[in-house]
Amino acid sequence: MLLPLVTVVTTGTVFVSVYLAAFHAPAPRDLPVAVVGTPQQARQIAADLDRSMADGFQVRRFATEGDARDALKNRSIYAAYVTGTGSSAEMLYAGANGPSVTATAGDAFADVASARGDALGRKDVVPAPAGDTRSMSVFYASFGVVLSGFLFGTATYQTAPRLRFRWRMASLGLFGAIAGTMVALLTGSLGFDALPGPSLGIAGVVALLGAAAGGATMALTRLLGPAIGTPVASVLLLTLGNSTSGGSMPPYYLPTWLNPLSDILPVGAAVRAVQGMSHFESDGLVPGIINLTLWTVVCAAVVYVREARSPQEGRSPSPRRTPSAVSP
């Protein structure tokens with residue numbers, strides 16, 4: 001009687017706790033930024049940034065503005081302070097990273113410029129597309145796919161408990177393909193024009209994300225049973241996965257105990273890959289594909305082994321034969 005209540009309350013408590021921990025007062029830790037100038041200028045500006053926000057930035061030095069622009073375009077850095085002649089300076093940034101990064105770097109760089117007596121200009125090197133002005137589309141798209149994958153993974157055993165492994169995997173692949181196609185159409189030029197990356201590439205990565213999310217839910221359901229496996233999958237994918245995905249702000253803003261999950265869980269890998277294809281010279285694409293493929297293959301193997309060991313579990317027993325009546 002109490003199991004559903006305890007499960008739901010625990011899951012909800014974890015959800016609220018994790019999201020509050022991640023986003024109640026976000027501040028970066030070691031966010032990569034750059035200074036274009038002499039070594040002495042770089043050291044001075046790094047010290048000023050540390051005073052403005054302790055441990056907030058990891059400062060690199062570039063000799064030319066072109067090097068800083070290239071680093072912004074492949075997301076090696078998130079902003080650059082370009083020293084100029086006299087009392088002029090310029091902040092280079094990538095609007096496609098979202099307003100949180102722009103505001104953080106802009107406020108810190110403004111403090112530095114004020115302390116140095118510089119007039120600070122701003123230039124957006126990688127602007128967000130007109131259809132995604134806050135750079136949140138990838139977060140909502142990935143959240144929807146992960147939610148759908150979770151629902152698919154739970155529903156497949158509820159609606160078809162006797163389905164053979166090969167057909168269950170075929171349905172998982174079909175789900176992923178449909179999810180990838182849907183997201184590519186909705187976010188592409190035929191839809192909201194929110195993600196300017198190649199449609200086939202986005203569809204492929206999102207398809208892998210759907211398969212990974214659905215496969216993980218199926219594996220946990222088969223390993224732990226629906227009463228425990230379903231809430232565990234919910235916490236892993238919907239709570240920890242989406243909160244650490246980097247879709248709303250980069251993982252550098254996460255608490256240290258949550259940050260590593262961004263590289264481990266499938267949602268973060270997919271988000272970085274899609275952002276890379278759309279804005280940042282395919283940053284994160286290869287690691288993302290590897291991550292998502294491993295999640296899908298390992299989870300499918302777990303389901304296969306579990307069903308091979310208990311092939312009759314969840315299947316209706318064959319009717320017993322009764323001896324025919326014999327006349328006296």
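Q: Which helices each supply at least two residues of the lining of the largest cavity?

A: In this predicted model, the helices that each supply at least two lining residues of the largest cavity are α5, α7 (199-224) and α10 (266-278). The largest share, four residues, comes from α5. Among the residues that line this cavity are Val138, Ala141, Ser142 and Val145, together with Ile202, Val206, Ala270 and Val274. The space in the largest cavity is about 70 Å³, and the count of cavities of 30 Å³ or more comes to two.

Q: How is a pair of aromatic rings described?

A: Such a pair is described by the distance between the ring centres and the angle between the ring planes. The structure holds eight aromatic pairs. In one of them, the rings of Phe152 and Phe175 have centres 5.1 Å apart and planes at 5 degrees, so this pair counts as stacked. Because Phe152 lies in helix α5 (residues 137-159) and Phe175 in helix α6 (residues 165-187), the pair ties together parts that are 23 residues apart in sequence. Both Phe152 and Phe175 are buried. Elsewhere, ring pairs link Phe15, Tyr19 and Phe23 into a cluster.

Q: Which residues make the nonpolar surface patch, and is Val9 buried or partly exposed?

A: The patch, of about 570 Å², is made by Met1, Leu2, Leu5, Val6 and Val9. Val9 lies in helix α1 (residues 3-23), and its relative accessible area of 46% falls between the 20% and 50% cut-offs, so Val9 is described as partly exposed.

Key:
Residues are numbered from 1 along each chain as its sequence is written. This is a predicted model: local features need pLDDT of at least 70, side-chain atom pairs count only at pLDDT 80 or more; totals for chains, interfaces and linings use all residues. Side-chain values use heavy atoms; hydrogens and water are left out. Rings of Phe, Tyr and Trp (its six-membered ring) pair if their centres lie within 6.5 Å; planes under 30 degrees apart count as stacked, over 60 as edge-to-face and the rest as tilted. Buried means under 20% relative accessible area, exposed over 50%, partly exposed in between (1.4 Å probe, protein chains only). Patches are made of residues with over 30% relative accessible area and no salt bridge: like charges are joined within 9 Å, nonpolar side chains (Val, Leu, Ile, Met, Phe, Trp, Tyr) within 5 Å. Accessible areas come from the Shrake-Rupley method with a 1.4 Å probe; for residues, only the protein chains shown count as cover. A salt bridge is a side-chain nitrogen of Lys or Arg within 4 Å of a carboxyl oxygen of Asp or Glu. On a 1 Å grid over the protein atoms alone, a cavity is a set of points where a 1.4 Å probe fits but cannot get out, and a pocket is an open set with protein on both sides within 12 Å along at least five of seven lines; lining residues have an atom within 4 Å of a point. Grid points are joined across faces, edges and corners, and a volume is the space filled by probe spheres set on the points.
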